[in-house]
Amino acid sequence: MERVIDLDQAAAEIAERRLGWEHIGLVVESVTWRDEAAPWPQALETDRGHVTAPDSVGLELSGRDEAVLGVVLFRGGWADVDALTLAGDLVTEAPAVESPKAFGVLLDNCVARVFGVPER
């Protein structure tokens, strides 16, 4: 897979937002990594040090009323977004992502849509 996105920089975008999400009451699970070099089926790792060739980084957030958001960013330049919103809507999208900063904007937009909180 072509390397379009630096996943370590994308993980920094997650880390930059984590305390704010927790402050508003969201539960933020551990960041997960998938290693392209690992044998199939590739297990998700929560320790970046165990991953030699990351091809995805993901996270899951949950909030009140069973709202949940899962986002996985692939180094090829797209994300898988799956959510159940406060309104009970199911969301499944695969937007293009051009940079770690664009990933941060995507996270902000998704959190606002799913959990009804203002964007940063």
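Predicted model: local features only at pLDDT ≥ 70, side-chain atom pairs only at ≥ 80, totals over all residues.
## Overall fold

Let's start with the chain as a whole. Two helices and seven strands make up its secondary structure, and their order along the sequence is α-β-β-β-β-β-β-β-α. The radius of gyration is 14 Å, close to the 14 Å that the globule rule gives for 120 residues, so the chain is as compact as a globular protein of that length. Along the principal axes, the C-alpha atoms occupy a box of roughly 40 × 25 × 25 Å.

Buried residues account for 40% of the 120 in the chain. The accessible surface is about 6,600 Å², and carbon and sulfur atoms contribute 53% of that area. If we take the contacts between residues at least 6 apart in sequence, 46% of them link residues at least 24 apart.

## How the two helices meet

Helix α1 spans residues 7-23 and helix α2 spans residues 100-115. Their axes lie 8 Å apart, and the helices pack at an angle of about 35°. The crossing of α1 past α2 is right-handed.

On the α1 side, the contact is made by Q9, A10, E13, I14, R17 and W21, while α2 brings P100, K101, F103, G104, V105, L107, D108 and V111. Sorted by class, the contact between α1 and α2 has eight nonpolar, two polar and four charged residues.

## W33 in strand β2

W33 is worth a visit in your viewer. This residue sits in strand β2 (residues 32-35). Its relative accessibility is 5%, so W33 counts as buried, the cut-off being under 20%.

Which residues does W33 touch, leaving aside those up to four places away in sequence? They are L7, D8, A11, A43, L44, E45, T46, R48, V51, P54, S56 and V57. One of these contacts is A11; the C-alpha atoms of W33 and A11 are separated by 9.7 Å, and the two residues are 22 apart along the chain.

## S56 in strand β4

S56 belongs to strand β4 (residues 54-62). With 5% relative accessibility, S56 counts as buried.

Setting aside residues up to four places away in sequence, S56 touches L7, T32, W33, R34, V72, L73 and F74.

Methods
Residues numbered from 1 in each chain as written. Heavy atoms only, no water. Axes fitted to C-alpha atoms, helices over the stretch in contact; angles between N-to-C directions. Helix = DSSP H or I, 4+ residues; strand = E, 2+ residues; numbered from the N terminus. Left-handed = near helix turned anticlockwise from the far one by under 90°. Contact = heavy atoms within 4.5 Å. Nonpolar A, V, L, I, M, F, W, Y, C, P; charged D, E, K, R; others polar. Rg over C-alpha atoms; globule rule 2.2 N^0.38 Å. Buried < 20%, exposed > 50% of the residue type's maximum accessible area, 1.4 Å probe, protein only. Areas by Shrake-Rupley, 256 points an atom, 1.4 Å probe, with all protein chains shown as cover.
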